[in-house]
Amino acid sequence: MKSGKNGLYEDLKRQILTMELDPDEDLDEVVLGERYGVSRTPVREIIRRLEGEGYVEIRQNRGARVAPMNHSTLRNFFLVAPMVYAAIGRLAVQNFKPRQMTQLKDTQERFRTAAGSKDAPSMVLENNRFHEIMGEMSGNVYLQPSLGRLLIDHARIGHTFFRPRNEDMEKRLRVAVEHHDAFIAAIAAHDEDAVVDLVFEHWELSRENMEMFIAPQGLKADALVDGPAKLQMEKLS
């Protein structure tokens, strides 16, 4: 854990993206100030900054909390995310700078390393940074804030994607790494259509896992009835 204002800012962002802090979780200004060695005024400045970026919600007379995820926000997320990602991709092809391409490649190498070592928190952060850089490449002041807000919930909804529990999920993760390489190649080649096609392939790759997080498979009732309880039910039937 870092200290000071910058440490507080970076740690809160990381903890929200990796779900160390749950949606709706209250943020105690006094506790945060003591933990990071800053007074309440800088804590409030950081919280207001994070509110502006979509990480935090400040409620009148009730303090700050981690941005919630409710039915409305999730519905809007699934409606607009592919459109925003596609627009960002096209503009990234048109406007990227060489230094941004270097940053994208460096981030991809860190993402690949994290995927190889199954380091889920690092995968979440490096994947988030990869797509942030694509937003920076777009150079569009209207789309970038929307992308930033989408990426927060994408990381939180899709955190199961980076914690594969079976071979199919592991295969999807390997394909995601390959998609990042393909994004880099298509942007470098100024191929807008290829980037947009990849956006939708990449989206479909993780969508099923995100839906699994939102609506997990229910427990079978008969699995909860075992031993004597099951025999008793058979007698009553």
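This is a predicted model: local features need pLDDT of at least 70, side-chain atom pairs count only at pLDDT 80 or more; totals for chains, interfaces and linings use all residues.
## The largest cavity

The lining of the largest cavity comprises 15 nonpolar and seven polar residues, with no charged residues. A search of the whole structure returns one cavity of 30 Å³ or more, and the largest cavity holds about 320 Å³ of space. Rolling a probe the size of a water molecule over the atoms shows where empty space is left.

In total, 22 residues line the largest cavity, and those closest to its centre are Tyr-85, Asn-127, His-131, His-154 and His-202. Two or more lining residues come from each of the helices α4 (71-95), α6 (120-138), α7 (143-157), α8 (167-188) and α9 (192-214). Which element gives the most to this lining? Helix α9 does, with six residues.

## Overall architecture

The protein contains ten helices and three strands. Read from the N terminus, the order of these elements is α-β-α-α-β-β-α-α-α-α-α-α-α.

Of the 237 residues in the protein, 44% are buried. Among contacts between residues at least 6 apart in sequence, 73% join residues that are at least 24 apart.

## Packing of α1 against α3

Two packed helices are described by the angle between their axes and the distance between the axes. For helix α1 (residues 4-17) and helix α3 (residues 40-53), the angle is about 35° and the axes are 10 Å apart. The crossing of α1 and α3 is right-handed. On the α1 side, the contact is made by Lys-5, Leu-8, Tyr-9, Leu-12 and Lys-13. On the α3 side, Pro-42, Val-43, Glu-45, Ile-46, Arg-49, Leu-50 and Glu-53 take part. By class, the residues of this contact are seven nonpolar and five charged, with no polar residues.

Helix α1 also holds Gln-15. Is Gln-15 buried or exposed? The relative accessible area of Gln-15 is 12%, which is under the 20% limit, and therefore Gln-15 counts as buried. Apart from neighbours within four places in sequence, Gln-15 is in contact with Glu-20, Leu-21 and Tyr-36.

## Residues with positive phi

Most residues other than glycine have a negative phi, and most peptide bonds are trans. Asp-24 has a positive phi, near 80°, and is not a glycine. Asp-24 is placed in the loop between α1 and β1 (26-27). With a relative accessible area of 38%, Asp-24 is partly exposed.

Lys-118 likewise has a positive phi, of about 55°, although it is not a glycine. The loop between α5 (98-116) and α6 is the place of Lys-118. How accessible is Lys-118, and what class does its relative accessible area give? The value for Lys-118 is 56%, which is over the 50% limit, so Lys-118 is classed as exposed.

Ile-184 belongs to helix α8, one of the elements that give two or more residues to the lining of the largest cavity. With a relative accessible area of 9%, Ile-184 is buried. Leaving aside neighbours within four places in sequence, Ile-184 is in contact with Met-101, Leu-104, Lys-105, Gln-108 and Phe-130.

Glu-201 is located in helix α9, the element that gives six residues to the cavity lining. Its relative accessible area of 44% makes Glu-201 partly exposed. The C-alpha atoms of Glu-201 and His-179 are separated by 8.4 Å, and the two residues are 22 residues apart along the chain.

Asn-140 sits in the loop between α6 and α7. Asn-140 is partly exposed, with a relative accessible area of 22%. How far apart in space are Asn-140 and Ile-88, C-alpha to C-alpha? The separation is 8.2 Å, for residues 52 apart in sequence.

Notes: Residues are numbered from 1 along each chain as its sequence is written. Side-chain values use heavy atoms; hydrogens and water are left out. Axes are lines fitted to C-alpha atoms, for helices over the stretch in contact, and angles run from 0 to 180 degrees between N-to-C directions. Helices (H or I, at least four residues) and strands (E, at least two) are DSSP runs, numbered from the N terminus. A crossing is left-handed if the near helix is turned anticlockwise from the far one by less than a right angle, and right-handed if clockwise. Contact means heavy atoms within 4.5 Å. Ala, Val, Leu, Ile, Met, Phe, Trp, Tyr, Cys and Pro count as nonpolar, Asp, Glu, Lys and Arg as charged, and the others, Gly among them, as polar. On a 1 Å grid over the protein atoms alone, a cavity is a set of points where a 1.4 Å probe fits but cannot get out, and a pocket is an open set with protein on both sides within 12 Å along at least five of seven lines; lining residues have an atom within 4 Å of a point. Grid points are joined across faces, edges and corners, and a volume is the space filled by probe spheres set on the points. Buried means under 20% relative accessible area, exposed over 50%, partly exposed in between (1.4 Å probe, protein chains only).
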